[in-house]
There are 4 protein chains.
Amino acid sequence: MKRAAIIGGTGYGAAELIRLIHLHKYLEVSKIISHSQYGENITTHYPHMHTYMDLKMEALDVRVLANEVDIIFFATPAGIAKELIPQLEGNHVQCIDLSGDLRLPNRDLYQKWYGQLGAPQEILDKAVYGLTEVFPNQIKDAKVVSNPGCFPTASLLGLTPSIKEKIIDTQSIIIDGKTGVSGAGGSPSKMTHFSETNENIQPYKIGKHQHIPEIEHYLSITAGESINATFTTHLIPMTRGLLCTIYGRLTKNITTKEIIHLYQDFYANHPFIRVLEEDQTPTTKNVYGSNFCDISIHVDERTNQLVIVSAIDNLVKGAAGQAIQNANLMNDWKEEEGLAQLPIYP
Amino acid sequence: MKRAAIIGGTGYGAAELIRLIHLHKYLEVSKIISHSQYGENITTHYPHMHTYMDLKMEALDVRVLANEVDIIFFATPAGIAKELIPQLEGNHVQCIDLSGDLRLPNRDLYQKWYGQLGAPQEILDKAVYGLTEVFPNQIKDAKVVSNPGCFPTASLLGLTPSIKEKIIDTQSIIIDGKTGVSGAGGSPSKMTHFSETNENIQPYKIGKHQHIPEIEHYLSITAGESINATFTTHLIPMTRGLLCTIYGRLTKNITTKEIIHLYQDFYANHPFIRVLEEDQTPTTKNVYGSNFCDISIHVDERTNQLVIVSAIDNLVKGAAGQAIQNANLMNDWKEEEGLAQLPIYP
Amino acid sequence: MKRAAIIGGTGYGAAELIRLIHLHKYLEVSKIISHSQYGENITTHYPHMHTYMDLKMEALDVRVLANEVDIIFFATPAGIAKELIPQLEGNHVQCIDLSGDLRLPNRDLYQKWYGQLGAPQEILDKAVYGLTEVFPNQIKDAKVVSNPGCFPTASLLGLTPSIKEKIIDTQSIIIDGKTGVSGAGGSPSKMTHFSETNENIQPYKIGKHQHIPEIEHYLSITAGESINATFTTHLIPMTRGLLCTIYGRLTKNITTKEIIHLYQDFYANHPFIRVLEEDQTPTTKNVYGSNFCDISIHVDERTNQLVIVSAIDNLVKGAAGQAIQNANLMNDWKEEEGLAQLPIYP
Amino acid sequence: MKRAAIIGGTGYGAAELIRLIHLHKYLEVSKIISHSQYGENITTHYPHMHTYMDLKMEALDVRVLANEVDIIFFATPAGIAKELIPQLEGNHVQCIDLSGDLRLPNRDLYQKWYGQLGAPQEILDKAVYGLTEVFPNQIKDAKVVSNPGCFPTASLLGLTPSIKEKIIDTQSIIIDGKTGVSGAGGSPSKMTHFSETNENIQPYKIGKHQHIPEIEHYLSITAGESINATFTTHLIPMTRGLLCTIYGRLTKNITTKEIIHLYQDFYANHPFIRVLEEDQTPTTKNVYGSNFCDISIHVDERTNQLVIVSAIDNLVKGAAGQAIQNANLMNDWKEEEGLAQLPIYP
């Protein structure tokens, strides 16, 4: 049994990590670190865990972590992991960062989009981007994994096979993202106040979302050329779920069926990616609470556009689930370990 | 006081027409026609109108209508108006069709997308497309108005100034539509069953929606050239509201501010179109229950894309409200008559 | 045209007052007072009003108010009206207080339930309780009206005829209240954060809600004896709407039909109270956005219990709508003035 | 590994049974019976199970069932189980009926409330009522278990300790039930159509719900006297979750704390019942997707009323979860087997 620590214990990411680790055979939550509520039992903050968890949240102590846990999950806001992970260097501990601190390749890009100083470049160089199905081999050997953002997960899983097979114009990519409100975290705000969010669609950060450079960077790596993408995001009145509708201009004559086969081949050994058959479309409900990413393919022959739809649960495949999946790879456990639950339906 | 008849009395379109006409100075509901529930009082079907309406629904009788009403609103499924309107020809009655029967320019196109025979060509030729802000002069002189679809309303109002000013590549247009569930009408179905719709986004009819040829036809008229557009639709867990995120590749160097000015000029005398200032975005809540269409403009300089966001209440500006607005023009009433309510908030 | 001032300009109560007054023939919003955002245009805070309102919010100045407006609506948190209204004494201005400051008959009771000092007793003695259908004559002559709370409105309208007719045991009353989230106001909090509220029912303040003494006091006045009632409240995942399910033990042999007749008689001249027929039940959707209170009656013969269901829109009949209705009575305007809109459906 | 058959394969109950059995160590779904869709793969109907289930639904054949499965779950509408279970008599198969067919003690009562002929009396006599925490010993020895209704589960778990300890007047019980829409099943209807249900509370079947005699019968057994209860139900705009607010007049002087202790003692060895501490209240979100029943206690000293709040997930503890829990008892498996997931939050 490996011992996991979760830093950022009172956020939704932590809650989801705890839910998933609870069913994991080889992993247990041994420490929950909370800056604001250490000393309190986790069930005071999360009554839904009452009787199933009994753990006092602790203040951060890097030396204690280094000695007493095997894996650290950073379920923290931007700016924490980049400070702590360097202090854990040279240590046996595996680090999986769910914040954006280590996702961009260099400090300048991070500073431009996140508005604060980036992590030390040597840490950035060492961190492996944890998009499990695209970089599995690198993840297996990593000690520091940077877990992808929710929108990048859905976008990159939807786009990578098309980019790799060079079937769309790399300068034509448009991603229209829709997300449930839990993606904005647990801190109340006007935009996420029930009376404002319910019966409403709210577009936000058009062309300015910090997930843009992340999407572009990993698309560019697959493409072997620099890619820019247009990306918009919309807040939808639901708690969980994220769906991206992705558009790209086809560069060759190819049918929906043929592209589906390309995708099914690309994801053949990846149990969490379900490439749908022709005329099917993903919905967020079909992946609710699960680590699945459902993808559908639609060639619009009238306009020569490829439309790709990609759906995940933002808190599972888009955050905590993919983090567990990465931990499984890093430790040679079965990829599905702790993640085998069916989606909750309806 | 002019007398209005509503055909299709038990649908959401009819309910919304009744709500709006209730506040109209020069119009009153004098007949409600229902194929399935004639003989019943309207309040049996719509208890929310209890004490404010007291009208027995009637069976259809074209001669009675011709003699006893001044304006007929067709809030009917596809296939009814195209049969009835020819029978009312040569008569003084004004007809406003909220179904799709008269929106496409020819019978073949209708048959291709609606899967049934189209209206007689002479009726199609006579019908004026009721996109109020774009074709106001034709509407003023019309006796038969074809009220636009909900998605075409938001899409065309969002795109027309850009097309007219030739600032985007006409072959690059992508419209990503999101709609509340009332757009699907009042008949229960699996897709609109609460437990299926709630906590869910459901894309549907990708590249196959019958609103596609309508959007393309009226864009083409504005452009003076044939336009195809990529169009996707998503069912969102909310009752009312429709938002289109529209993408087009810029053909010239132009700023967000400059485009906003173009739009503000274009819609200068149109009280229901609100072109937002830079960095603002529309939400469906801001137009809830009202006849407004809110539009925002975003130039993505990194990708040379223009992003336009356009939001309406699908049952008001996307259906009943625009129908009343057209009736106002046809009768020389003030354009805002019956439509001056503020959006309901929150 | 009378000039209205609204104090507390950035809350949901103010937004709803503005929406309703916008359609009022004899009343106009001439001043909006905001402690926190004076100097800003109201549309900066409420973009849904853009183009329909153009008014700068002002800081509070009692002398200016006294001279320049005719009616003041206090859409303020507890504690403001009790300070300001005494300063407006001896003046021509009519005051309608939507906060709870003047609802309880004496300062001790207020202090016990609201946790702060009450209004001066002479103001309390002068204020008339604005439950329009129950105290219409007192309201007509009042200069200071204390507008009822949302739960008391639904509860008292549901119970008063039964209490007056002495058909239920006055010591057996149980009120089970359910409310939409807008009743909690516009300030974000954990309890009203979308991800916490959606897909959830949250009971709160069981037996401790500050509306309890208000309900009991005005029931007691009707009864001519002291009444205590059990009262629970539940937060429901919807924005608007409030429904009370009320239980009382029958003291005599009487049928559902007979009680319905009692209620229909009691509310015969009151257009906003709709007493439903046997086997009908109110829903909050049937009163959405309107000033209606729908009431149904159910005798459970097996248990000798009377069940009364009462539904309102918490922001209209439960707040701003009833305030306008009271203003209408105080100024001898038609009771429905500004309130004649149909409920918004669906 | 025991083989389970699920009859009624296309309903929400079946979907939930499959989800839970999927994580069960000793149980596997070997047959899914569907009257309407046999021959189809279960994933055609339930795409969320795609890649995790691969089973063709079958037509009903009692002999095949008798020979090839060990446990049958009836996730059927009323009227099926009462026909089939007698045919399985004398056989080794364990039957767990999730419909109401076997819940009432005699045929007359069933006919009165369900409007159809009841099961043979000898089957009724043999069936054990599967309220796990209240009748565990009888369930352990049963071959036919009648799984409780969702409202009776929450009501009886909330009331039983108070009845047993005789602290409330047995003739004063009022149960105010609120349920999410999945309780109404997967068949579309006007009442469960999204546009009608969203932003709405709909009371229904007041005093007439078929769960009333079930609640009364099992309360009466605990009390040793005949109990009638007033029971109302409300449809709430959420998919899952059921909460009962229960009222009873106290017969003795007793504090909230003391009653909490009584409840904690009563449920001491029952891991799925969580009796909350003073001043806490259950929410449906805290039990979402789990088999928990959370219960809180509130003495209202002003009115001498005991208020009990009880919350479950209607599809888990209120249906499929309790059915699995009963199967665990019947087979001497650990009570939590297959049910150890944490609630999904948020």
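In this predicted model, helix α8 of chain A meets helix α10 of chain A through a run of side-by-side residue lists: C150(A), F151(A), P152(A), S155(A), L156(A), L159(A), T160(A), I163(A) and K164(A) come from α8(A), and H211(A), E214(A), I215(A), Y218(A), L219(A), T222(A) and A223(A) come from α10(A). Sorted by class, the residues of this contact come out as 10 nonpolar, four polar and two charged. As for the geometry, α8(A) covers residues 150-164 and α10(A) covers residues 211-223, and their axes come within 10 Å while crossing at roughly 25°. With that angle under the 35 degrees cut-off, α8(A) counts as roughly parallel to α10(A). The crossing of the two helices is right-handed.

Chain A also carries an annotation from a record. UniProt, in an unreviewed entry, puts the feature "domain: Semialdehyde dehydrogenase NAD-binding" at residues 3-142 of chain A. In the model, that span is 31% helix and 16% strand, and its end C-alpha atoms sit 18 Å apart.

Another helix pair turns up in chain B. Here the partners are α1(B), residues 12-21, and α12(B), residues 316-330; their axes come within 9 Å and cross at roughly 45°. That angle makes α1(B) oblique to α12(B), and the crossing is right-handed. On the α1(B) side the contact uses G13(B), E16(B), L17(B), R19(B), L20(B) and I21(B), while α12(B) brings in V316(B), A320(B), G321(B), A323(B) and I324(B). Split by class, that gives seven nonpolar, two polar and two charged residues.

Chain C has a pair to go with it. Helix α1(C), residues 12-21, packs on α12(C), residues 316-330, at an angle of about 45°, and the axes are 9 Å apart. On that angle, α1(C) is oblique to α12(C), and α1(C) passes α12(C) in a right-handed crossing. The residues that meet are G13(C), E16(C), L17(C), R19(C), L20(C) and I21(C) from α1(C), and V316(C), A320(C), G321(C), A323(C) and I324(C) from α12(C). By class, the contact of α1(C) with α12(C) has seven nonpolar, two polar and two charged residues.

A few backbone details deserve a look as well. In chain B, the peptide bond between Y345(B) and P346(B) is cis, with omega at about -5°; P346(B) belongs to the segment after α12 of chain B. Chain D has a cis bond from Y345(D) to P346(D), with omega near -5°, and P346(D) lies in the segment after α12 (316-330) of chain D. Over in chain C, K166(C) is not a glycine, yet its phi is positive at about 55°. K166(C) sits in the loop that links α8 (150-164) to β7 (174-179) of chain C.

Then there are the interfaces that chain B makes. Against chain A, 51 residues of chain B are in contact with 51 residues of chain A. About 4000 Å² is buried between these two chains, and carbon and sulfur atoms account for 54% of it. On the chain B side, E199(B), I201(B) and R302(B) lose the most area to chain A, together making up 18% of what that side buries.

Against chain D, the contact takes 20 residues from chain B and 20 residues from chain D. Chains B and D bury about 1600 Å² between them, with 55% of that on carbon and sulfur atoms. On the chain B side, H193(B), F194(B) and S195(B) supply 40% of the area buried against chain D, more than any other three residues.

Note on methods. Residues numbered from 1 in each chain as written. Chains lettered and ligands numbered in written order. Predicted model: local features only at pLDDT ≥ 70, side-chain atom pairs only at ≥ 80, totals over all residues. Heavy atoms only, no water. Axes fitted to C-alpha atoms, helices over the stretch in contact; angles between N-to-C directions. Helix = DSSP H or I, 4+ residues; strand = E, 2+ residues; numbered from the N terminus. Parallel < 35°, antiparallel > 145°, perpendicular 65-115°, else oblique. Left-handed = near helix turned anticlockwise from the far one by under 90°. Contact = heavy atoms within 4.5 Å. Nonpolar A, V, L, I, M, F, W, Y, C, P; charged D, E, K, R; others polar. UniProt positions renumbered as here; feature names shortened; annotations may be inferred. Buried area = accessible area lost by both parts, 1.4 Å probe.
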